[in-house]
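Visitor: Hello! Could you pick one part of this model and take me through it closely, with the cut-offs behind each term? I would like one connected account.

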Amino acid sequence: MVFTAERKIIAALIKAYKSGDKTAFKKLYELTIEQATYIASGILTKKEDIEDVVQDSYLAAIEKIDELRDETKFLSWFYQIVTNKSLNYLDKSRTILQKTSLNAQNILIHSLAEDQEILPAEVAEENELKV
């Protein structure tokens, strides 16, 4: 749990950043990177993916920070960005994996069909019967 004093520090850093102090975001980064990485690692497993998602989350926060009306709510807002980006990345990765798997299956089916001199229509018909 984040203490009220910490929330006030974070709110002050965000106000400073909005006012043009670019070093304030560096301090904000230092205060939040560990928890942001922890959240992403609870959803993703590869270190590179976690680092990419966390970096994208910080970029998204910088782009949208002017939309944040209550600076004391930055942490929940930002950690929700990290969570959403992690889930989106996971979903995208699964979709790519499924498409890759389906393509590999199709290549294998056609390869087997050529080896056995089975016509593709027969392979398709056989696949429909299995479903």
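Guide: Gladly; let me start with handedness: a crossing is called left-handed if the near helix is turned anticlockwise from the far one by less than a right angle, and right-handed if it is turned clockwise. By that rule, helix 1 and helix 2 cross in a left-handed way, while helix 2 passes helix 3 in a right-handed crossing. Helix 2 and its two partners will be our part.

First, the ground rules. This is a predicted model, in which local features need pLDDT of at least 70 and side-chain atom pairs count only at pLDDT 80 or more, while totals for chains, interfaces and linings use all residues. Residues are numbered from 1 along each chain as its sequence is written, and side-chain values use heavy atoms, with hydrogens and water left out.

As for the setting, the protein chain has five helices and zero strands, where helices (H or I, at least four residues) and strands (E, at least two) are DSSP runs numbered from the N terminus. Along the sequence this reads α-α-α-α-α. Of the 131 residues, 25% are buried; that word means under 20% relative accessible area, with exposed over 50% and partly exposed in between (1.4 Å probe, protein chains only). Taking contacts between residues at least 6 apart in sequence, 60% join residues at least 24 apart, a contact being heavy atoms within 4.5 Å.

Now to the first partner. The axes of helix 1 and helix 2 come within 8 Å and cross at roughly 150°; such axes are lines fitted to C-alpha atoms, for helices over the stretch in contact, and the angles run from 0 to 180 degrees between N-to-C directions. That makes the pair roughly antiparallel, on a scale where under 35 degrees is roughly parallel, over 145 roughly antiparallel, 65 to 115 roughly perpendicular and the rest oblique. From helix 1, Ile9, Ile10, Leu13, Ile14, Ala16 and Tyr17 meet Ala24, Phe25, Lys27, Leu28 and Leu31 of helix 2. By class, this contact holds 10 nonpolar residues, no polar ones and one charged. Here Ala, Val, Leu, Ile, Met, Phe, Trp, Tyr, Cys and Pro count as nonpolar, Asp, Glu, Lys and Arg as charged, and the others, Gly among them, as polar. Ile9 is partly exposed, at 48% relative accessibility, and its C-alpha is separated by 9.9 Å from that of Glu71, 62 residues away along the chain.

The second partner sits at another angle. Helix 2 (residues 23-41) packs with helix 3 (residues 47-64) at about 135°, their axes 10 Å apart, and the two are therefore oblique to each other. In this contact Phe25, Tyr29, Thr32, Ile33, Ala36, Thr37, Ala40 and Ser41 of helix 2 meet Ile50, Val54, Tyr58 and Ile62 of helix 3. The tally is nine nonpolar, three polar and no charged residues.

In the loop between helix 2 and helix 3 we find Thr45, which is exposed, with a relative accessible area of 77%. Thr45 and Leu90 are 45 residues apart in sequence, yet their C-alpha atoms are 9.6 Å apart in space.

Ser86 is buried, at 0% relative accessible area. Beyond its neighbours within four places in sequence, Ser86 is in contact with Ala40, Ile43, Leu44 and Val53. A polar atom of the Ser86 side chain also lies 2.8 Å from the backbone oxygen of Val82. For reference, a polar contact is a pair of N or O atoms within 3.5 Å; within protein, one must be able to donate a hydrogen and the other to accept it, and residues adjacent in sequence count only if both atoms are side-chain atoms.
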